[in-house]
Amino acid sequence: MDVQQSYAQWLKDFASDPETVAELESIRGNDAEIEDRFYTELSFGTAGMRGVLGAGTNRMNRYNVRRATKGLAAYLHTQPGAAERGVVIAYDSRRCSDLFARETAQVLCQEGVKAYLFDALRPVPILSYAVRHLGAAAGVVITASHNPPQYNGYKVYGEDGAQLGPEAAAGVTSFIRATPYTACVLMDMEEAKAKGLLHIIGNKEVDDDYIAQVKTLCVNPEMLAREGGSLSIVYTPLHGSGNVPVRRILKEVGITHVSVVKEQELPDPNFSTLKVPNPEDPSAFTLAMKLADEVGADVIFGTDPDCDRLGVAVRDKEGKFQLLTGNQIGCVLLHYILSSRKAQGTLPANGAAVKSIVSTSLANRICEDYGVEMFETLTGFKFIGEKIQQFQDTGSHTFLFGFEESYGFLSSTFVRDKDGVNASLLIAELAASCKAHGITLYDRLQEIFARYGTFVEKVVSTTLPGKDGVARMQQIMKDLRAEAPKEIGGLKVTAVRDYLRGVRVENGVETPTGLPTSDVLYFELEGGNWVCVRPSGTEPKIKLYVNTNHKCPETAHALNETLCAASQALMQ
């Protein structure tokens with residue numbers, strides 16, 4: 001069926017939905033728009049599905065949500081006892097999130113799968129915790145994380161509380177593809193409740209247990225109780241789901257001076273005070289920095305709409321706020337956990353940390369210093385969740401901390417995804433510890449650089465939307481594989497890791513990477529520097545990661561600029 005036939009079929013199939021018909025009629029004759037909406041189906045992968053809201057097979061809408069849910073239900077029926085254990089459903093503040101969550105529950109119930117639906121928006125970490133806490137077979141979060149407001153998404157979690165792995169995602173995908181869009185039926189909510197298929201989760205049923213568990217993650221609770229009252233924090237939930245749990249955890253551990261950015265406190269699906277609701281974007285902190293200067297705050301926190309990411313701004317030596325990178329946050333937290341536990345005598349001999357392959361090598365040096373083994377995974381926190389489970393299944397290692405450069409952090413094992421609440425607690429504790437010693441978080445970062453060398457990381461993203469964009473990304477990766485560079489920015493390429501082939505090549509000798517296949521190229525350079533190229537799995541972007549290090553800060557920064565320019569030229 002070509003795009004015009006698909007377009008006509010949707011007009012016919014959903015003729016009783018005036019909103020969908022009106023939207024489709026508005027693009028009649030616009031062949032480019034019709035092609036973009038219907039040239040493919042919105043893909044379902046290990047991160048679920050994510051896309052621009054709208055009518056069409058390549059858009060996020062209630063029909064794609066229903067179809068994905070029916071496919072998920074069919075997959076769960078192949079797993080003994082899964083339908084009875086059920087699926088936990090959460091959602092954030094985005095457009096249509098509550099509608100999509102409700103219809104997810106209604107389709108599941110119609111298919112004979114028990115559904116646990118939160119009564120209001122909840123962050124990703126609470127959903128991950130709830131799946132394990134309730135003994136459910138799966139979880140669903142309706143969110144597009146930190147994407148612009150025109151996006152929404154559908155993330156699926158396994159019984160371990162981590163996002164679905166490749167094998168399970170492929171299984172769900174096969175059932176989705178076998179499901180016609182018109183085959184999905186909704187059970188009435190009251191009927192579902194009466195049949196015991198639908199349970200609404202109130203604000204005490206899971207949240208209290210989750211917060212109690214997060215409080216156990218304090219590294220030095222006595223210090224925090226003693227010093228927390230002197231710390232001043234400005235917090236912005238960026239109109240998302242972190243507002244309640246982040247403020248609650250800070251209050252319950254004794255941090256009483258928390259000022260919230262009022263303009264960004266309440267849910268707003270349009271994110272009207274922001275360009276994008278992304279704590280990686282410095283402009284997201286404009287209002288927070290203004291408030292922080294007014295109240296004399298020590299540090300600023302910001303969480304994204306589903307509260308799995310945390311951004312942090314700290315005062316530099318001139319007293320101006322600087323946004324830390326995700327790598328820098330990860331490293332100061334890793335160093336704090338390891339150094340504190342070593343001082344307390346509680347650092348396990350089999351301690352382990354986990355990070356993604358595109359995250360800073362500074363973390364490796366910190367782990368080496370403290371005798372902790374560092375494991376690396378592909379991008380995607382589900383892989384960190386898998387390592388945690390492996391450690392527990394085998395007893396081989398004790399998980400201490402995991403992070404990704406994209407502002408995701410975790411120090412618990414009861415959650416298996418990025419946790420902005422967990423991270424807020426830890427960074428607040430560290431900030432309080434620094435203040436008690438008469439220094440700032442910025443000072444602590446400089447101490448780490450002085451000890452291990454200055455590490456500079458930059459991510460350059462190129463947006464390539466639509467069918468042509470996909471083809472362009474594929475061509476870039478094909479060209480780089482066909483003729484890998486011998487040097488980049490004047491630095492010799494010492495080895496190439498091709499994660500699609502699953503090999504590392506050095507001096508013509510191939511060895512396995514030991515990781516699942518993924519469309520990623522990683523160029524190791526002399527001096528421990530590296531460049532990595534990967535198409536995003538959740539956005540129409542190709543990402544370039546450039547990491548440099550040197551004892552001299554100026555040299556490290558200059559080298560990074562040189563490598564960024566040279567790497568971008570490779571993709572022209």
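How do the axes of helix α14 and α17 cross, and within what distance do they come? The axes of helix α14 (residues 326–344) and α17 come within 10 Å and cross at roughly 70 degrees.

## Basis of the model

This is a predicted model, in which local features need pLDDT of at least 70 and side-chain atom pairs count only at pLDDT 80 or more, while totals for chains, interfaces and linings use all residues. Residues are numbered from 1 along each chain as its sequence is written, and side-chain values use heavy atoms, with hydrogens and water left out.

Helices (H or I, at least four residues) and strands (E, at least two) are DSSP runs numbered from the N terminus. Axes are lines fitted to C-alpha atoms, for helices over the stretch in contact, and angles run from 0 to 180 degrees between N-to-C directions.

## The helix pair α14 and α17

Two packed helices are described by the angle between their axes and the distance between the axes. Helices α14 and α17 are roughly perpendicular to each other (a term for angles of 65 to 115 degrees). The crossing of α14 past α17 is left-handed, meaning that the near helix is turned anticlockwise from the far one by less than a right angle.

From α14, the residues Ile329, Val332, Leu333, Tyr336 and Ile337 meet Leu426, Ile427, Glu429, Leu430 and Ser433 of α17. Contact here means heavy atoms within 4.5 Å.

## Nonpolar cores

A nonpolar core is a set of buried Ala, Val, Leu, Ile, Met, Phe, Trp, Tyr and Cys residues joined through side-chain atoms within 4.5 Å. Buried means under 20% relative accessible area, exposed over 50%, and partly exposed in between (1.4 Å probe, protein chains only).

The largest core has 102 residues, and Phe301, Val312 and Ile427 have the most contacts inside it. Helix α17 (residues 420–436) gives the most to this core, with ten residues. Not counting residues up to four places away in sequence, Phe301 touches residues including Ile233, Leu250, Phe285, Val312 and Ile427. Another core lies apart from the largest one and has 40 residues, among them Ala101, Ala105, Ala169 and Ile176.

## The four-stranded sheet

An open sheet of four strands has the order β13-β12-β14-β15, with mixed pairing; two strands pair if DSSP finds at least two bridges between them. From one strand to the next, the twist averages 20 degrees.

Strands β12 (residues 351–356) and β14 (residues 398–404) pair in the parallel sense over five bridges, and Ala352 stands opposite Phe399 in β14. Helix α14 packs on this sheet, touching β12, β13, β14 and β15, and its direction makes about 165 degrees with that of β14.

## The six-stranded sheet

Six strands form another open sheet, in the order β1-β5-β4-β2-β3-β6, again with mixed pairing. Its edge strands, β1 (49–52) and β6 (198–201), each have a single partner, so one side of each is left without a neighbour in the sheet. The twist averages 15 degrees from one strand to the next.

Strand β1 runs antiparallel to β5 (residues 151–157), joined by four bridges, and Gly51 stands opposite Asn152 in β5. Helix α6 (residues 97–110) packs on the sheet and touches β2 (87–91), β3 (115–118), β4 (138–142), β5 and β6. The direction of α6 makes about 165 degrees with that of β2.

## Gly229

Gly229 lies in the loop between α11 (221–227) and β7 (232–236). Gly229 counts as partly exposed because its relative accessibility is 30%. Leaving aside neighbours within four places in sequence, Gly229 is in contact with Gly254, Thr256 and His257. Gly229 and Val258 are 29 residues apart in sequence and 9.9 Å apart in space, C-alpha to C-alpha.

Technical notes
Angles under 35 degrees count as roughly parallel, over 145 as roughly antiparallel, 65 to 115 as roughly perpendicular and the rest as oblique.
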